[in-house]
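Dear colleague,

Please find below the structure that I am handing over to you. My notes on what was found in it follow directly after.

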Amino acid sequence: MYIDNYGNIYYYNKVRVIARSTLKKFYEIPNYGDSKEALETWYHEAKRANWNSWKDIKEKYGNTSILKNNRVVFNICGNKYRLVVKINYEAQVVKIRFVGTHKEYDKINAEGI
């Protein structure tokens, strides 16, 4: 169970997110601290999610981009940052592949990382 700063209680489902430390390392970088709340919120929502396909993600996060190879791009802090994950829907495992600024995202191959 997780309780956020507003008293909202989140119960974890069966989704495994690998690795929360990647998010933490990012938001602890000077100048990126503004992403902490949004990334932590995303993390706790993902942990309790029940994503069986990309359609489930689009239903909740309409502004996500669905890519090849089970990659999903989430816009963080009004698209200031990007979060790329790879999802194994059957195993309910979400692997964080990239978190960075929009400018940094433009330099990567999101479908291949």
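**A buried glutamate and its partner**

Glu40 is buried, with a relative accessible area of 7%. Please bear in mind throughout that the model is a predicted one. Glu40 forms a salt bridge with Arg20, and the closest N and O atoms of the two are 2.5 Å apart. Since Glu40 lies in helix H2 and Arg20 in helix H1, the pair ties together parts that are 20 residues apart in sequence. Arg20 itself counts as partly exposed, because its relative accessibility is 34%, and the range for that class lies between 20% and 50%.

**Overall architecture**

The protein contains four helices and seven strands. Read from the N terminus, the order of its elements is β-β-β-α-α-α-β-β-β-β-α. Along the principal axes, the C-alpha trace spans about 35 × 30 × 25 Å. The radius of gyration is 13 Å, which agrees with the value near 13 Å that a compact globule of 113 residues would have. Of the 113 residues, 39% are buried.

**The other salt bridges**

In total, the count comes to three salt bridges. As background, side chains of opposite charge can pair when their charged atoms come close.

Besides the pair described above, Asp34 forms a salt bridge with Lys80, with 2.8 Å between the closest N and O atoms. This pair links distant parts of the chain, 46 residues apart: Asp34 is in the loop between H1 and H2, and Lys80 is in the loop between E5 and E6. Asp34 is partly exposed, at a relative accessible area of 39%, and Lys80 is partly exposed as well, at 43%.

A further salt bridge joins the side chains of Glu28 and Lys24, at 4.0 Å from N to O. Lys24 is partly exposed, its relative accessible area being 42%.

Phe26 is found in helix H1 and is buried, with a relative accessible area of 5%. The C-alpha atoms of Phe26 and Lys36 are separated by 8.5 Å, the two residues being ten apart along the chain.

Most residues other than glycine have a negative phi, and most peptide bonds are trans. The following places in the model depart from that pattern.

- Ile18 and Ala19 are joined by a cis peptide bond, with omega at about -5°. Ala19 is placed in the loop between E3 and helix H1, the latter covering residues 20-27.
- Asn31 is not a glycine, yet its phi is positive, near 80°. Asn31 sits in the loop between H1 and helix H2 (36-47), and Asn31 is exposed, with a relative accessible area of 70%.
- Cys77, also not a glycine, has a positive phi of about 55°. Cys77 is found in the loop between strand E5 (71-76) and strand E6 (81-88). At 31% relative accessibility, Cys77 counts as partly exposed.

Which residues form the positive surface patch? They are Arg16, Lys86, Lys95 and Arg97. Arg16 belongs to strand E3, which covers residues 16-18. Arg16 counts as exposed because its relative accessibility is 52%, and the cut-off for that class is over 50%.

With kind regards

Conventions:
Residues are numbered from 1 along each chain as its sequence is written. Side-chain values use heavy atoms; hydrogens and water are left out. Patches are made of residues with over 30% relative accessible area and no salt bridge: like charges are joined within 9 Å, nonpolar side chains (Val, Leu, Ile, Met, Phe, Trp, Tyr) within 5 Å. Accessible areas come from the Shrake-Rupley method with a 1.4 Å probe; for residues, only the protein chains shown count as cover. Lys and Arg count as positive and Asp and Glu as negative; His and the chain ends are not counted. The place of a charge is taken as NZ of Lys, CZ of Arg, CG of Asp or CD of Glu. Helices (H or I, at least four residues) and strands (E, at least two) are DSSP runs, numbered from the N terminus. Buried means under 20% relative accessible area, exposed over 50%, partly exposed in between (1.4 Å probe, protein chains only). The radius of gyration is taken over C-alpha atoms; the globule rule is 2.2 Å times the number of residues to the power 0.38.
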